[in-house]
Amino acid sequence: MLYPNNSYQKLGFDDIKDLIKSFCISEMGQGMVDKIQFMSSYDQINKFLRQTSEFKNILENDQPLPIQSFFDIKRLAEKARIEGTFLSEDEVFQIYSSLQTVFAVIRYFEDRSGLYPNLEALFEHLPIEKNILKHIETVLDVKGKIKPNASRLLADITSAIAKAEQEARKKIDQIFKNAQQNNWVADGSLTVREGRICIPILAENKRKLKGFVHDESASGQTVFIEPEEVFSLNNKIRDLEFEKRREIIRILTELTNQLRPYVPILLSYHGFLTKLDFVRAKALFAQKIAAEMPVLLKEASLKLINAKHPLLLLNHQESGKEVVPLNVHLDDQVRILLVSGPNAGGKSVAMKTVGLLQIMVQAGLLIPAAAESEVGIFKQLFADIGDDQSIESDLSTYSAHLSKMRYFTEHTNGKTLVLIDEFGTGTDPLFGGPIAEAVLEELNRKKSFGVITTHYSNLKLFANDTAGLENGSMIFDNEHLQPLYRLEMGKPGSSYAFEIAQKIGLSKHLIDLAKSKISVQQRKVDTLLVDLEREKKEVYESKVEFEKQKRKYQSLLAENEQQKTYYDENKRNLIREAKQEAQQIIKSANKLVENTIAEIKESKADKVKTQDLRANLQIELKKNEVKPLIAPKTKANEEIMVGDWVKMLDSENLVQVLEVAKDNLIVAFGELRSVVKNKRVEKVSHKNVPKAVKTFGTSTYNDSAASFSPEIDLRGKRGEEALAELERYFDRAVMFGFSNFKIIHGKGDGILRKLIRNYLKGYPQVNKMEDEHVDRGGDGITYVYLQ
């Protein structure tokens, strides 16, 4: 139940219905839209929401429904019900076309059985009576006209008419040709007058041609004569036309009699088409405002995430502006939200957004909010918005407000959502404030839910000290003196009256004079609110900076773990290879010793031979000798500093020094970082470092991580070029430890999007990919989530 009756209009729901009606393709569907109302049955609301959500899913992800024709077959069925009446060709064809749509839609869902259960319920138990089509097809052709052979008599009449017309045409052509040869004819050709083919004859020659004069020109210079020879033939044709019309009426009457037993089924088909058009219109509107189905709860509560006012959203879409999303929740702990803040800061829009979206959900409509939003069911919705003064009822503006407050306090309960705009205004604040506070206390005592906007400080203090109430404020940028239209729950807001007055150019003298006239206590409260707002902004900025530093630390930690894993793996590989090589050396040495001993025995310890064998052993030993690594001594004047370039002695790579820590150096090679001993490098002068190496290795890790953007734009690039840039970007994202990033590739034909996604599927680090939200780019942007 809604109170008062104009709440639909005050909250903009009438405008929503008008927009939905514009998507209907039949008057029946528009009629159903007019009947949309605030419901409180969970099952009914849930059914309507799921039907709309499923149809929206079809519009976005499936083949289009085969909807071609929607006609009001209820009116035609009611006409056919009456004995002795008959349906015209057009009326019968409207039934035929509508039934074709019905059967095509049913086949569509049967092919997808189980995918759209709530839409399938629309035609559950609906009989498929194709005999209706068969009856119509025996009489009408594909264009909806009576078939020439619909009956034997009609076929004979049609043939006779064609024959008579041919004969009459042949005869009149002969007469016309003869009249032309005798110069009796005026300029022009054969023409039709009163349904008869006539010859245009000059007035002075009209007595030279026998026949019936049907008309003359405006000037009187030309008369139109039907020749005597074809007069009887034309009369015969007309008689046949009348006979044909009588036979068509007889056929249509017989067909209507055949359709009469199917009137109840036709009415069922009409109901199905009407509901289908209705759901389709709601789904198209939901698609237009990027609406989603929220989580529907049976209890009275509300949690809106990134919600937007649909009418404001549509208005901003036309002007290219962004709508600031609303985040608000009402539950057992916070039942009534008291919203304060500057004028024109968005208080009323926030309150109306809550009210309108609540009505939309309970009317079975999807809402422009995140799918994670939760919307409960209220039995009543009370609204006090705008000026309802009435001369007829002798009510002033404030009296009208008080009249509503009386009704609210008498009829509200724990299942009521109350919406009040500018609570307490319209009278002396000295008395209006306490009355408003008393009403608020009573609403809270009866466990009502609500969103109330106000400027009264006593109400802000009352909400701050009372369980069940919560202050909320519209954020204001007091540096640039402009509203941010963002609601923040948990604290009251200042009206910023003096700041706004200063912005619009009110003289400083008047502002100072106004400040001197308010109480010291009120001035302190307002100053505290402004200071609180400023401190809140500073805390928020500090939090953002902290999160930035936290990400940087996490990326460094991840890089360190990655390098540790890399070095541990290399160490294991080197040890394994060294052991294998040592085993091979030992085997070779054993074999060499055995051979040497055997040869010494064969030579019977010949001195010369023995010396040669010893020399050979010495040569083989030197081949496997490991020379000790002698670190080059760095000269005193070549002390290594941060920013110097050094050469790794074991790999000959040039790296740049990022940090010096005792005997260790932290060096960079491009984006890779490593720790090496001072004695394992050799300083290199800057002029000896190639330019390419400098370019590759100049950026430090901190700079790279801080400046790295979690977004890459590949629009306009060719496939190979885009993948190469993406590969470099992907490596950096993994190295810096980012959990997700987005790729802007545009929509087009979807070729670049498909290429990028197929490429990223080859990386094990990729967890999943998905499209951006439809109102922020849709499938023109891919979100990539990393492991």
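**The four-stranded sheet**

Reply: Start with an open sheet of four strands, in the order β21-β22-β24-β23, with mixed pairing. Helices (H or I, at least four residues) and strands (E, at least two) are DSSP runs, numbered from the N terminus. Two strands pair if DSSP finds at least two bridges between them. This is a predicted model, where local features need pLDDT of at least 70 and side-chain atom pairs count only at pLDDT 80 or more, while totals for chains, interfaces and linings use all residues. Residues are numbered from 1 along each chain as its sequence is written, and side-chain values use heavy atoms, with hydrogens and water left out.

Me: Which strands stand at the edges?

Reply: β21 (711-713) and β23 do. Each has a single partner strand, so one side of each is left without a neighbour in the sheet. On average, neighbouring strands of this sheet are turned by 20° against each other, direction ignored. Axes here are lines fitted to C-alpha atoms, for helices over the stretch in contact, and angles run from 0 to 180 degrees between N-to-C directions.

Me: How many bridges between β22 and β24, and in which sense?

Reply: Five, antiparallel. β22 covers residues 740-744 and β24 covers residues 781-786. I744 stands opposite I781 in β24.

Me: And what joins β23 to β24?

Reply: Five bridges, and the two strands run antiparallel. β23 spans residues 766-771. D771 stands opposite T782 in β24. E770 has Y783 as its bridge partner in β24.

Me: Which helix lies across β22, β23 and β24?

Reply: Helix α24, residues 751-760. It runs at about 165° to β23.

Me: Remind me, what do strands of a sheet pair through?

Reply: Backbone hydrogen bonds, in either a parallel or an antiparallel arrangement.

Me: New topic. Is β12 mostly covered or open?

Reply: Mostly covered. Five of its five residues, 416-420, are buried. Buried means under 20% relative accessible area, exposed over 50%, and partly exposed in between (1.4 Å probe, protein chains only).

Me: Which residues sit on each face of β12?

Reply: T416, V418 and I420 are on one side, L417 and L419 on the other. Both faces are covered.

Me: What are the pairing details for β12?

Reply: Strand β11, residues 380-384, pairs with β12 in the parallel sense over five bridges. Q380 has T416 as its bridge partner there. Four bridges join β12 to β13, and those two run parallel. L419 stands opposite V451 in β13.

Me: Which residues other than glycine have positive phi?

Reply: N183 is one of them, with phi near 60°. K447 has a positive phi of about 65°.

Me: Where are N183 and K447 found?

Reply: N183 is in the loop between α9 (152-181) and β2 (191-193). K447 is in the loop between α15 (429-445) and β13 (449-453).

Me: Is N183 buried or exposed?

Reply: N183 counts as exposed, because its relative accessibility is 59%.

Me: What makes the nonpolar surface patch?

Reply: L506, L510 and L513 make a patch of about 240 Å². Patch residues have over 30% relative accessible area and no salt bridge; like charges are joined within 9 Å, nonpolar side chains (Val, Leu, Ile, Met, Phe, Trp, Tyr) within 5 Å. A salt bridge is a side-chain nitrogen of Lys or Arg within 4 Å of a carboxyl oxygen of Asp or Glu. Accessible areas come from the Shrake-Rupley method with a 1.4 Å probe; for residues, only the protein chains shown count as cover.

Me: What about L513 itself?

Reply: L513 is found in helix α18, residues 508-517. L513 counts as partly exposed, because its relative accessibility is 38%.

Me: What does P483 touch?

Reply: A344, G345, I475 and F476, not counting residues up to four places away in sequence. Contact means heavy atoms within 4.5 Å. P483 lies in strand β15, residues 482-489. P483 and A344 are 139 residues apart in sequence, yet 7.6 Å apart in space, C-alpha to C-alpha.

Me: Last one: what are the totals for the chain?

Reply: The chain has 24 helices and 24 strands. Of its 787 residues, 41% count as buried. It exposes about 44,400 Å², with carbon and sulfur atoms supplying 51% of that.
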